[in-house]
Amino acid sequence: MHFPARFRVGSGVAFSAMKFAILGSGTGSNAEAILKAYRAGTLGDAEPVAIFCDIPGAKILEHGKAYGVPAVQLDPGPFKTKFSPEREAAWAQAIKDSGAEWIVLAGFMRVLKAPLLEAFPNRIINLHPSLLPSFQGLDGIGQAWRYGVAVSGCTVHFVNAELDRGAIIDQAVVRREKTDTQETFAQKIHAQEHKILPDVIRRISLGEVVL
Ligand code: GRF
């Protein structure tokens with residue numbers, strides 16, 4: 001039986017959970033995988049405390065409702081792939097206010113800059129749908145597919161100021177079979193994402209990941 005970390009005591013010292021916020025822009029299947037793992041008690045000492053989304057009406061917001069985790073859409077500012085500096089500072093404050101100490105980017109389609117990076121130094125991880133450093137940037141699956149690779153996969157890495165270049169924490173490999181279409185190839189990569197992202201969160205919460 002898994003008890004949330006805050007209820008556990010070891011050697012007379014109360015553990016405190018790794019509280020984290022999930023940031024996403026789309027369907028939120030990875031957010032759902034994380035919330036499922038938390039509910040199943042397989043997320044170690046990690047606790048999702050909030051979901052933040054930049055796209056009004058995105059499906060990721062529904063997962064928050066379904067799992068009882070507050071989920072809100074916040075204005076990112078007028079740009080498409082980044083925040084305005086003022087809005088990024090407001091996001092950082094809102095995420096802090098949620099009690100989160102870590103940020104998990106799960107399908108979040110904006111580049112992070114100083115306001116968030118400095119508010120959560122070395123405490124932001126991202127999921128990318130390719131074997132980094134190959135196929136950085138947008139549409140990692142389509143890029144790999146069009147290149148004709150025999151294997152691709154997904155990567156979880158720390159986020160720093162260089163896009164998709166932070167230290168790699170884990171990767172999973174997916175082989176492209178002759179019978180694959182781009183769609184089935186993508187489905188297999190997503191299935192691996194749903195495994196490695198919750199597992200990395202669990203490992204970080206247990207102190208098993210060192211930058
Ligand atoms: C994932 O493939 C992730 O790697 C990429 O965006 C997708 C998000 O999917 N950055 P979802 O919103 O978690 O379903």
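Modeller: In this predicted model, strand β7 gives the lining of the largest pocket its largest share, three residues. Strands here are DSSP runs of E with at least two residues, helices runs of H or I with at least four, numbered from the N terminus. A pocket is an open set of 1 Å grid points over the protein atoms alone where a 1.4 Å probe fits, with protein on both sides within 12 Å along at least five of seven lines; lining residues have an atom within 4 Å of a point. Residues are numbered from 1 along each chain, and side-chain values use heavy atoms, without hydrogens or water. Local features need pLDDT of at least 70 and side-chain atom pairs 80 or more, whereas totals for chains, interfaces and linings use all residues.

Four elements each supply at least two lining residues: helices α1 (29-40), α5 (140-147) and α6 (182-205), together with β7 (124-128). The lining comprises 35 residues in total, and those nearest the centre of the pocket are Gly107, Phe108, Met109, Leu127 and Pro129. By residue class, 16 of the lining residues are polar, 13 nonpolar and six charged (Asp, Glu, Lys and Arg; Gly counts as polar).

Strand β7 belongs to an open, mixed sheet of seven strands, ordered β5-β4-β3-β6-β7-β8-β9. Its edges are β5 (71-73) and β9 (168-175), each of which pairs on one side only; pairing requires at least two DSSP bridges.

On one side of β7 in that order stands β8, strand 151-158, to which His157 belongs. His157 counts as buried because its relative accessibility is 2% (buried is under 20%, 1.4 Å probe). Beyond four places in sequence, His157 touches (heavy atoms within 4.5 Å) Ile124, Ile125, Asn126, His128 and Leu132, and also Asp164, Gly166, Ala167, Ile168 and Ile169.

Strand β6 (residues 102-105) pairs with β3 (residues 18-24) in the parallel sense through four bridges, and Val104 in β6 is the bridge partner of Ile22. On its other flank, β3 runs parallel to β4 (residues 46-53), joined to that strand by seven bridges; there Lys19 stands opposite Glu47. Six of the seven residues of β3 are buried, so this strand is largely enclosed by the rest of the structure.

Notes:
Buried means under 20% relative accessible area, exposed over 50%, partly exposed in between (1.4 Å probe, protein chains only).
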